[in-house]
Amino acid sequence: MALYLLDHGAGNVQSLANTLKKLGYEFSWISCPEDFHKASSIIFPGQGAFDPSIEHLSAHGMLEPLKEYIRSGKPYFGICVGMQVLFEASTECPSARGLGIIPCPLERFEDADKAVPHMGWNSADLLDPTLANSVTEAVSPSAHYYFVHSYCAKYNPEKYPASAEWAHTTTQYGQELFLSTVRKGNVFGTQFHPEKSGAAGLALIDTWLKQSQIERVSAPPTLPITRIPKPKDGFTKRIIACMDVRANDEGDLVVTKGDQYDVREKANSSEVSGTSVKAAGAVRNLGKPVALAARYFEAGADEICLLNITSFRHSPLQDQPMLAVVRAAAECIFVPLTIGGGIKDSVDPDGTKRPAVEVAGAYFRAGADKVSIGSEAVYAVEKLRAAGGKEDGTSAIEAISKAYGIQAVVVSIDPRRVYVDPATYDGPYKDELVYGKPDGPEKERGRAWWYQCTVSGGREARELSAVQLAQGVQVLGAGEILLNSIDRDGTGLGFDLDLIDMVKRAVTIPVVASSGAGTKEHFVTVFEESNVEAALAAGIFHRGEVGIQEVKDAVRQAGISIRSTNST
């Protein structure tokens, strides 16, 4: 089998390469139009925006050869954008035309009853039971797969009868049904990312590759079936393991964790722990980032987040230590990987300018799926507000989301409470005040506060509220918010539900709750009392105080949908 991968120039294609290596398959990259004639099977992976993907294929003379290859009857496997290009067009960019192989447009999800993008783990239901004995039964109805997209092919046999015969599985998000896999003749495509779907996704790829050439080109059309949305979809909550990574005083990269963002050992903490000495003032060392990432993947984490909290100003982009960490981590974890820290316009020591979109691209090429932006997002929203809400396209958020899609951009918000007198305060944030409860913590009773944004790791406050920042970054093109709380960080008191609820109600993009988790019950509470799509923890996982599987068991026992194990 002459297996080739098509690199469309955007999104993370390295993850699929890592998956194929793990499964033991050899492959080549399509580097020019002539390579299409050499291939006996092609996989087109990656995530990104529809328009840039079509533009890249056209600019490199690959759009027509790709169309000819598919029409020749040779096996084709499209993943995410690789599936979406099969359709006629997308409302994401009406002027861009797809391959038109599937006679149906892509449309944006409705966001009245759910967050958009559709970001997280969901089930896929086989449409035609007669196909249950086919090799693609590896798309298991009991498994969950990782989705990250805002546009989809909605399942509507009456409106698009010619496209319904391509429908292999459908997925429900909110009350909308869409095609999660397509299969007909020599074409197979998944809207989800099997290479980021843990063991279930790897099994699907392995199954497709183990078919004979005849099996891969002879899938029958699906008979149109009327399918009514269920009362509840198969979307699950995510449990995310986060690692703050920085250089210690010896220059080694370690995972650390602070209290209110202070990551150094306290003055009275000099002690021997195992074979190492925890010296007062030293950077707290909780392990090596790649080893911890692998451990959390095996434990069932739904996503891994690596946040670089050291500024490597003296390293050129391609020599950034975090790039090496991402490359190594991406080789051993097969769930989504987010990287944060330093995603901004920068300058190499030799004076070479590196725009933020190039920096993000380097991390995507190394194996990251999303990039997280912190302080730069605050500055961008301040600029947006000063311009009367008019975008100018220059921010890192705008540039990256335009090239890779909004689903690739996470904004990390670091707010701190500002206490005010509820009887006298008449400032600009009076509509965002939170009032202490009579039975709440003593220091909060009779008081009120608003949430002020900070930059530089919480060291500098800005005249911008968390709500204003959240709404502003959504306008600029962020696809997800990582919502921290400086006041709760490292306390183990639980997530700040007032902050979470306020921000969640202010936006229509997914929100990840962070800071304060101390017990497995805190995860249950945040999912029961807010509509967040995910919850994140760091220190309690690093120190082994609570296990990821313990959290998932507690969430499931509370009747909340959660991906059960790493195998499903």
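This is a predicted model: local features need pLDDT of at least 70, side-chain atom pairs count only at pLDDT 80 or more; totals for chains, interfaces and linings use all residues.
Which helix gives the most to the lining of the second largest pocket?

Residues are numbered from 1 along each chain as its sequence is written, and side-chain values use heavy atoms, with hydrogens and water left out.

To the question, then. The helix is α14, residues 497-506, which contributes 3 residues to that lining. Helices here are DSSP runs of H or I with at least four residues, strands are runs of E with at least two, and both are numbered from the N terminus. A pocket is found on a 1 Å grid over the protein atoms alone, as an open set of points with protein on both sides within 12 Å along at least five of seven lines; a cavity is a set where a 1.4 Å probe fits but cannot get out, and lining residues have an atom within 4 Å of a point.

The second largest pocket holds about 630 Å³ of space; a volume is the space filled by probe spheres set on the points, which are joined across faces, edges and corners. Its lining has 25 residues, and Asp-113, Lys-114, Lys-237, Asn-531 and Glu-533 lie nearest the centre.

Let us turn to the cavities. The structure holds 2 of 30 Å³ or more. The largest has about 80 Å³ of space, and its lining includes Ile-240, Glu-303 and Lys-370. Strands β17 (303-308), β21 (370-373) and β27 (480-483) each supply at least two residues of this lining. The second largest cavity has about 50 Å³, and Tyr-76, Arg-183 and Trp-208 are among the residues that line it.

Next, the sheet. Strands of a sheet pair through backbone hydrogen bonds, either parallel or antiparallel. Here 8 strands form an open sheet with mixed pairing, in the order β2-β1-β3-β4-β12-β11-β10-β7; two strands pair if DSSP finds at least two bridges between them. At the edges are β2 (28-30) and β7 (125-126), each of which pairs on one side only. Strand β1, residues 3-6, pairs with β2 in the parallel sense over 3 bridges, and Leu-6 has Ile-30 in β2 as its bridge partner.

Finally, the chain as a whole. Its secondary structure comes to 17 helices and 29 strands. Along its principal axes, the C-alpha trace spans about 70 × 50 × 50 Å.
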